[in-house]
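The following exercises are to be worked through with the sequence and the three-dimensional model at hand. Each task is followed by a stepwise solution.

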Amino acid sequence: MPDPNLFRLRVEYVKLGRLSLLSHLEIARALERAVRRADLPFAVSQGFSPHMKIAFGSALPVGVGSTCEIFDLQMTRYVAPERALAALQDASVPDLMPHACRYIESRDAAASVAYPFATYRAELSEEPEDGLAFPETVQVVRKKKQKTLVVSEFLAEEPMVRGKVVTFELEAKPTGSLRPDVLLRACLDEWKAAHPAAEPLRVVSVTRTAQRATR
């Protein structure tokens, strides 16, 4: 049998609409079912509990959509990328639709760490009066302990606020990351504190629009 590492297919797909409310585990299961329906020759692990050799990109918070998610599928034989893509598209629903396939080398970074820089687009319920300031720090709870994150250490680019739309880029670090929904919540809390008489702002939608490997 050929070495499955020789046929490592990277698939790009969207996660939109109501499916953005699914957890990372639920998305993973849905994608595995799509691969099976597409009848692709996927590799299987050895041992007492064999499973599909598929690896997923960094997890998105529940409620955050994306136009640029990835997963890596190890295959037992070569299938032309365009044929694999067509088969996956036939087996998928519109809000979880693959839109690109390509083979990558075995030495390439795993899907979960391949793209540490991610751009997010958030739409607010109203245009924020006086703009929207990003806080210097954010409090998070990790392993039942409260931790202070310095926002500037995770922001890769200067955030932009245009009307109701907020765009920002975050860097995931080996020691941890700052979730986009947590950052936005902190922004809105600060805005509310500065405008106590105003109608509270709400986040209508958050979408990951791009991922990249380097600055």
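**Exercise 1. Determine which elements supply at least two residues each to the lining of the largest cavity, and classify that lining.**

Step 1. The elements in question are β1 (8-15), α1 (24-37) and β3 (64-74); helices (H or I, at least four residues) and strands (E, at least two) are DSSP runs, numbered from the N terminus. Residues are numbered from 1 along each chain as its sequence is written. The model is predicted: local features need pLDDT of at least 70, side-chain atom pairs count only at pLDDT 80 or more, totals for chains, interfaces and linings use all residues, and side-chain values use heavy atoms, with hydrogens and water left out.

Step 2. A cavity is a set of points, on a 1 Å grid over the protein atoms alone, where a 1.4 Å probe fits but cannot get out, and lining residues have an atom within 4 Å of a point.

Step 3. Among the lining residues are Tyr-13, Lys-15, His-24, Ile-27, Glu-69 and Ile-70.

Step 4. By class, the lining comprises 5 nonpolar, 3 polar and 2 charged residues. Ala, Val, Leu, Ile, Met, Phe, Trp, Tyr, Cys and Pro count as nonpolar, Asp, Glu, Lys and Arg as charged, and the others, Gly among them, as polar.

**Exercise 2. Describe how Tyr-13, Phe-56 and Phe-71 form one aromatic cluster.**

Step 1. Rings of Phe, Tyr and Trp (its six-membered ring) pair if their centres lie within 6.5 Å; planes under 30 degrees apart count as stacked, over 60 as edge-to-face and the rest as tilted. The whole structure contains 5 aromatic pairs.

Step 2. One of these pairs, Tyr-13 with Phe-71, is tilted, at 5.8 Å centre to centre and 50 degrees between the planes. Because Tyr-13 belongs to strand β1 and Phe-71 to strand β3, this pair ties together parts 58 residues apart in sequence.

Step 3. The ring centres of Phe-56 and Phe-71 are 6.2 Å apart with planes at 50 degrees, so this pair is tilted. Phe-56 lies in strand β2 (residues 54-56) and Phe-71 in strand β3, 15 residues apart.

Step 4. Tyr-13 and Phe-71 are both buried (under 20% relative accessible area; exposed is over 50%, partly exposed in between; 1.4 Å probe, protein chains only). Phe-56 is buried as well.

Conventions:
1 Å grid on protein atoms, 1.4 Å probe; cavity = no way out; pocket = protein on both sides within 12 Å on 5 of 7 lines; lining within 4 Å.
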